[in-house]
Amino acid sequence: LYLWVMIFNTTHNNKEDTATINSLLGKSYNFVTAIKLGGVGSKRMVIDAVSPGFLKVLNAVSDVNYGNIELREKGIIVHINKGLKNFSWPIPYYQLHTYKTEGFSIHAHGNFVRFKNNKLLQENKKFLAKIINLKIENNKQYDFQ
């Protein structure tokens, strides 16, 4: 079974990658909408573990790996920082699964990113609840009548 994962190197602006992400998740929220939503980006969090397919986007040495989450109309983007490089993993709401384990993990396409349960994760509690609520709202359009 081969699972192709779209993870983009977003260190530099690439029009094709931006168009792909926008077609999948919708464009970034405008300033006014972002204010109404109470923010569309999480604070940074420490990445505790990732699936084997994502090891290439983490620091090889024992540096701390950071990530954050951006909200879009039809999903989220998990941003991972590796040194001076940035990688983005777009996930539509209908493919998104979240788990509260010893940290907080995001799963899609057979892959995952788990954030460490520490002060940084606690500061993002409201934001993570917002993701779950938006996923529920988004799933309502697929409900059977």
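**Rings, sheet and salt bridges**

Author: One aromatic pair turns up by the rule used here. Under that rule, rings of Phe, Tyr and Trp (its six-membered ring) pair if their centres lie within 6.5 Å; planes under 30 degrees apart count as stacked, over 60 as edge-to-face and the rest as tilted.

Reader: Which rings have their centres 4.7 Å apart, and how are their planes set?

Author: Those of F54 and W89; their planes are at 80°, so the pair is edge-to-face. F54 sits in the loop between β2 (45-50) and β3 (66-72), and W89 in strand β5 (residues 85-92), so the pair ties together parts that are 35 residues apart in sequence. Helices (H or I, at least four residues) and strands (E, at least two) are DSSP runs, numbered from the N terminus.

Reader: Are F54 and W89 buried or exposed?

Author: Both F54 and W89 are buried. Buried means under 20% relative accessible area, exposed over 50%, partly exposed in between (1.4 Å probe, protein chains only).

Reader: Before we go on, what are the ground rules?

Author: The model is predicted: local features need pLDDT of at least 70, side-chain atom pairs count only at pLDDT 80 or more, and totals for chains, interfaces and linings use all residues. Residues are numbered from 1 along each chain as its sequence is written, and side-chain values use heavy atoms, with hydrogens and water left out.

Reader: OK, the sheet. What's the strand order?

Author: β1-β5-β4-β3-β2-β8-β7-β6, an open sheet of eight strands with antiparallel pairing. β1 (8-9) and β6 stand at the edges with a single partner strand each, so one side of each has no neighbour in the sheet. Two strands pair if DSSP finds at least two bridges between them.

Reader: How many bridges join β6 to β7?

Author: Four, between residues 97-100 and residues 104-108, running antiparallel. H97 stands opposite H107 in β7. The two strands, β6 and β7, form a hairpin with three residues between them.

Reader: And how many between β4 and β5?

Author: Eight bridges, again in the antiparallel sense, with β4 covering residues 75-82. H79 lies in β4, and its bridge partner in β5 is S88. H79 counts as buried, at 18% relative accessibility.

Reader: How far is H79 from Y99?

Author: 18 Å in space, C-alpha to C-alpha, and 20 residues in sequence.

Reader: Switching to charges. How many salt bridges does a search of the whole structure find?

Author: Five. A salt bridge is a side-chain nitrogen of Lys or Arg within 4 Å of a carboxyl oxygen of Asp or Glu.

Reader: What does R114 meet in a salt bridge at 3.4 Å?

Author: D48, N to O. That pair links distant parts of the chain: R114 is in strand β8 (residues 111-115) and D48 in strand β2, 66 residues apart. D48 is partly exposed, at 38% relative accessible area.

Reader: And what does E102 form a salt bridge with?

Author: R114, the closest N and O atoms being 3.7 Å apart. E102 is in the loop between β6 and β7, twelve residues from R114. E102 is exposed, with a relative accessible area of 53%. Shared partners join D48, E102 and R114 into one network.

Reader: Where are E70 and R72, buried or exposed?

Author: Both are buried. Their side chains meet in a salt bridge at 2.9 Å, N to O.

Reader: Which ring does R44 lie over?

Author: The face of Y66, at 3.7 Å from the ring centre. The cut-off: NZ of Lys or CZ of Arg within 6 Å of the ring centre and within 35 degrees of the ring normal.

Reader: Last one. What is the phi of H109?

Author: Positive, about 55°, although H109 is not a glycine. Most residues other than glycine have a negative phi. H109 lies in the loop between β7 and β8 and counts as partly exposed, at 25% relative accessibility.
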